[in-house]
Amino acid sequence: MLTVTDLHVSYGSISALRGISFSIPAGAIVTLIGGNGAGKTTTLRTISGLLRAKTGKVEFLGEDITALPAHQIVARGLSHVPEGRMVFSNLTVDENLSMGAYLLSDKALIAKNREYVFSVFPRMKERLKQTAGTLSGGEQQMLAIGRALMGNPKFLMLDEPSLGIAPRLISTIFEKIVEINQSHGITILLVEQNANLALEVSQQAYVLETGSIVMVGESKKLRADPQLKATYLGG
Amino acid sequence: MPRPHLYLFATLACAFGLSHFSDRMDPYFLDVLTGIGINVILAVSLNLVNGYTGQFSLGHAGFMSVGAYMAAAVSVFLGPRLLGESGGSALQQGTLFLAALITGGCAAALAGLGVGVPSLRLKGDYLALVTLGFGEIIRVIFQNFEPLGGALGLNGIPAYTTIFWVLALVGLTVFVVTCLVNSTYGRGFLATHDDEIASEAVGLNTTRYKIVAFVIGAFFAGTAGGLYGHFKMTITPTGFDFTKSIEIVVMVILGGMGNTLGVILAAILLTLLPELLRPIAEYRMIIYSLMLIVLMLARPQGLFNFKFGKAKL
């Protein structure tokens with residue numbers, strides 16, 4: 001579904017990604033793990049067109065999207081839930097969801113997507129008229145994911161969905177991520193610092209270290225890997 | 001009928017009604033009212049850029065001057081040719097004035113597009129500096145452009161501005177801005193303000209939104225300039241300098257960024273204040289400045305902003 005080939009990205013003279021390549025099959029949950037500054041967020045932002053690659057190629061459904069602007073990439077069914085629950089804090093929950101369907105014009109489809117979001121996150125329906133800035137951290141994350149689902153994505157990229165959220169809600173959110181993948185067949189690329197959790201829900205994993213992929217494998221096997229355990233899983 | 005439409009009709013009816021009695025009204029009162037109306041148009045249109053879309057423009061007086069000069073040029077240079085020696089009938093004059101205002105607005109909108117496209121990639125302070133520079137460039141151009149009067153300014157502009165035109169344009173500006181930001185399309189301005197990355201991530205073209213806000217804001221600033229020129233009957237480049245831009249920004253901040261009603265009230269208050277303080281002559285500007293400081297300290301989120309949320313710049 002998504003193929004990244006030899007991607008180089010730099011901020012000014014500092015290079016953040018040094019030639020990473022990976023591919024994600026349709027229907028899978030794939031995770032990208034690694035420490036701070038490894039280049040996880042940079043990878044997602046480059047794929048979704050928020051950052052420009054220096055060299056390399058991003059292909060989505062067989063089409064080269066490397067040079068496309070962000071809004072055209074979203075229109076092709078690739079949605080990005082940015083890090084840090086970036087909801088529109090001055091808009092209501094309802095308005096946030098409507099913004100997610102910004103590129104859709106089919107009213108019936110928008111209504112259907114809205115129902116789907118409510119079925120995944122019932123709490124959103126309760127908070128419809130509330131200003132998004134007043135939601136709790138976990139609710140904002142749900143809203144950010146819900147907003148992305150409103151756009152009818154085929155492929156969803158989640159950047160650190162567990163960041164700064166109460167532990168009880170983290171497991172709920174990860175259950176929902178699996179549910180979205182299984183019930184709707186939406187392919188998911190998950191970026192996480194919480195490697196344990198990410199490896200639990202995903203089928204395949206890539207380990208990123210200072211801008212290069214240092215390890216690839218099935219998530220189950222990586223969980224048992226002694227080296228990875230020592231570095232990321234806390235022994 | 002939706003509420004904004006009702007307000008528009010109410011304002012238009014009010015404008016029409018007032019214009020019938022304007023002969024019998026105190027000219028000083030009418031002058032102040034005209035000044036208030038022009039400032040309301042300026043502040044509400046700037047609020048679309050600085051408040052709703054979250055860009056910091058310091059060039060609004062520049063757009064106003066483009067509109068003022070272009071509108072004045074139409075009625076000063078084209079007017080006599082089209083209307084003849086007699087000056088034409090009231091209807092002909094009205095049509096000419098409308099054409100002049102639209103020309104002024106469009107010229108300002110074009111200027112907005114010219115400044116916006118290259119500079120809206122910048123954010124915050126940098127954008128403020130670029131728009132500030134633009135305002136100064138415009139002023140210097142008019143100062144040195146002899147066909148439009150140069151540093152002496154353009155004189156002999158017919159006094160077409162009546163209370164009817166002012167109120168009608170106030171109504172129209174408020175109507176357009178309100179409907180725009182409350183529309184599905186217009187939510188994009190607020191979204192761009194709240195979070196640019198998230199906006200891009202849901203598929204908004206944020207650069208285009210910023211440019212649209214800039215162009216629409218500039219258009220109404222241009223028409224306000226047109227009203228101003230045909231009200232004062234003479235315009236000079238120094239009337240549209242940096243301090244005028246600041247004055248409009250102050251109205252927006254004091255009213256509460258992104259709050260049209262608050263901004264209208266602030267524009268009214270800040271236009272009235274110097275008039276009310278006239279009796280104490282030389283202390284006037286000191287009191288005015290002191291009141292601004294006190295108001296900002298007491299209500300940093302905007303004088304008339306009672307909604308949730310912290311003040312943002």
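## Basis of the description

This is a predicted model, in which local features need pLDDT of at least 70 and side-chain atom pairs count only at pLDDT 80 or more, while totals for chains, interfaces and linings use all residues. Residues are numbered from 1 along each chain as its sequence is written, and chains are lettered from A and ligands numbered from 1 in the order in which they are written.

## Chain A as a whole

Chain A contains ten helices and ten strands (DSSP runs numbered from the N terminus, with H or I of at least four residues for helices and E of at least two for strands). Its radius of gyration is 17 Å, close to the 18 Å that the globule rule gives for 235 residues, so chain A is as compact as a globular protein of that length. The radius is taken over C-alpha atoms, and the rule is 2.2 Å times the number of residues to the power 0.38. The C-alpha trace of chain A spans about 45 × 40 × 30 Å along its principal axes.

## Strands of chain A

Six strands of chain A form an open sheet with mixed pairing, in the order S6-S7-S8-S3-S9-S10; two strands pair if DSSP finds at least two bridges between them. Strand S6 (78-81) and strand S10 (212-218) of chain A are the edge strands, each pairing on one side only. From one strand to the next, the twist averages 15°.

Within chain A, strands S7 (residues 155-159) and S8 (residues 187-192) pair in the parallel sense over five bridges, and A:Leu158 stands opposite A:Leu190 in S8(A). Strands S1 (residues 2-11) and S2 (residues 14-24) of chain A run antiparallel and are joined by eight bridges. A:His8 has A:Arg18 in S2(A) as its bridge partner. The hairpin of S1(A) and S2(A) has two residues between the strands, and A:Gly12 takes a positive phi near 60° there.

## A helix pair in chain A

The axes of helix H6 (residues 137-150) and helix H7 (residues 167-184) of chain A come within 10 Å and cross at roughly 15°. Axes are lines fitted to C-alpha atoms, for helices over the stretch in contact, and angles run from 0 to 180 degrees between N-to-C directions. H6(A) and H7(A) are therefore roughly parallel to each other; angles under 35 degrees count as roughly parallel, over 145 as roughly antiparallel, 65 to 115 as roughly perpendicular and the rest as oblique.

## A helix pair in chain B

In chain B, the axes of helix H2 (residues 27-52) and helix H9 (residues 206-232) come within 8 Å and cross at roughly 170°. H2(B) and H9(B) are therefore roughly antiparallel to each other. Residues of H2(B) that meet H9(B) include B:Ile38 and B:Leu42, and those of H9(B) include B:Phe220 and B:Leu227. The residues of this contact divide into 15 nonpolar, four polar and no charged. Ala, Val, Leu, Ile, Met, Phe, Trp, Tyr, Cys and Pro count as nonpolar, Asp, Glu, Lys and Arg as charged, and the others, Gly among them, as polar.

## Contact between the chains

In chain B, 16 residues are in contact with 25 residues of chain A (C-beta atoms, placed from the backbone, within 7 Å). Helix H7 (187-194) and helix H8 (196-201) of chain B are the elements that give two or more residues to the side touching chain A. By class, that side of chain B has eight nonpolar, four polar and four charged residues.

Notes
Contact = placed C-beta atoms within 7 Å.
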